[in-house]
Amino acid sequence: MTDALMPAPDDTRDAPDEVAAVEPRVLTPHVALSRVTVLVNPLSGSVGPRAYGEVRDILAEYDCRSEVVELVGSTLNDQIAAALAEAPDVLFVLAGDGTARAVASRAGHDGPLIAPLPGGTMNMLPKSLYGTTDWKAALRDALENGAAQTVSGGVVEGEAFYCAGIFGSPALWAPAREAMRTGKLSLAWTYGRRALKRAFSGKIRVELDGGKVRRSEALVLISPMISRALDEPVGLEAAAMDPDDAAQAFRLAASALFSDWRQDPSVVTQAARRIRIRARSRIPAVLDGEPTLLPADTTVRFLPKAFRALAPMPPAAEDSV
């Protein structure tokens, strides 16, 4: 029998089953997320050049309109302004700590929900909201479990902070503390030696809500979101630290690293909404992990409704202090 006389093969008999459509992942029931924008800075901290594509791949799994914007240094401010003007339901920020704070500050309480993903170095705000340094896990958690959360904070010289501000020469201990927490002991020792050399250049004078002026070595202002001492957003927890000498300063630094530093006899705390800080020279400070220098006479104000975050209920507050 020739091939011409053989029956035609049944092309459908052994054909594979049609691939079923992949169901989109379920978005959070707590808030409508029909429009999602993500700002990505590939040059920041732990972000990297592949993050732009990885974000797009993740968002493709959800039933929402999404836009991913790769930030460019020369046009960064304009890109942030344009993203806020579009008023998406949520604006994710995968960038450094300073950029995340800037976006949250510009959004304010009346702007879109802000979700700062851990893409920086210290990541204080992202870890407080999501409890992880894995930005992919934080992104999914916010999309699937997030709700609108009002975040309080403070503002000084136009710079906002939402976790903690350290003012005075012991602010120089902040890099040592972070190096210690990440296991970089040699770097922590280097930072610690630097801090000790500069730790007693002068005290600061602190005035809480117009009360009595107190001279202190340092002042720490902690937001209600991460303070273990505040249950309600009634103000910033103000902790005045006043070590008498180098030995006591070293003990205080150690207690801040390894134990409940509020038990230290040289620490006095109370809630405050307006804090005036004065010194003979410019005041070193660290705002949410970012070092800065402030004028010799400066005032910090409490922001009870700084911005609205998209975060699980309640926020993780991993860095509670």
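Arg25, Glu61, Arg140 and Glu144 are linked in a network of salt bridges. A salt bridge here is a side-chain nitrogen of Lys or Arg within 4 Å of a carboxyl oxygen of Asp or Glu. By this rule the count comes to nine salt bridges. This is a predicted model, in which local features need pLDDT of at least 70 and side-chain atom pairs count only at pLDDT 80 or more, while totals for chains, interfaces and linings use all residues. Residues are numbered from 1 along each chain as its sequence is written, and side-chain values use heavy atoms, with hydrogens and water left out.

Side chains of opposite charge can pair when their charged atoms come close. Take Arg35 and Glu86. Their side chains meet in a salt bridge at 3.7 Å, N to O. This pair links distant parts of the chain: Arg35 lies in strand β1, Glu86 in the loop between α2 and β3, 51 residues apart. Helices (H or I, at least four residues) and strands (E, at least two) are DSSP runs, numbered from the N terminus. Arg35 counts as partly exposed, at 27% relative accessibility. Glu86 is also given as partly exposed, at 48%. The cut-offs are these: buried is under 20% relative accessible area, exposed is over 50%, and partly exposed lies in between (1.4 Å probe, protein chains only).

Next come Asp297 and Arg276. Their salt bridge has an N to O distance of 2.7 Å. It links Asp297 in strand β16 with Arg276 in strand β13 (residues 274-278), 21 residues apart. Asp297 is partly exposed at 40%. Arg276 is partly exposed at 26%.

Glu217 and Lys203 form another salt bridge, with the closest N and O atoms 3.8 Å apart. Glu217 sits in the loop between β9 (213-216) and β10 (218-222), and Lys203 in the loop between α7 (185-198) and β8 (204-208), 14 residues apart. Glu217 is buried, with a relative accessible area of 3%. Lys203 is partly exposed, at 31%.

Now turn to helix α2 (residues 76-85). Leu76, Gln79, Ile80, Ala83 and Leu84 are buried there. Seen down the helix axis, these buried residues fall within an arc of 130 degrees, so they line one face of α2. The arc is that of the directions from the helix axis to the C-beta atoms. On the other side, Asn77, Asp78 and Ala85 are exposed. The buried residues pack against β1 (35-40), β2 (65-70), β3 (90-95), α3 (97-107) and β4 (113-118). Just after α2, Ala87 takes a positive phi of about 50 degrees.

Val69 is found in strand β2. It is buried, with a relative accessible area of 17%. Contact means heavy atoms within 4.5 Å. Leaving aside neighbours within four places in sequence, Val69 is in contact with Thr37, Val38, Leu39, Val40, Tyr52 and Gln79. The C-alpha atoms of Val69 and Leu39 are separated by 4.9 Å, although the two are 30 residues apart along the chain.

Two strands pair if DSSP finds at least two bridges between them. Nine bridges join β5 to the antiparallel strand β16 (residues 297-311). β5 also pairs with β6 (residues 159-161) in the antiparallel sense, over three bridges. Val155 stands opposite Arg301 in β16 and opposite Ala160 in β6. The hairpin of β5 and β6 has two residues between the strands, and Glu157 takes a positive phi near 50 degrees there.
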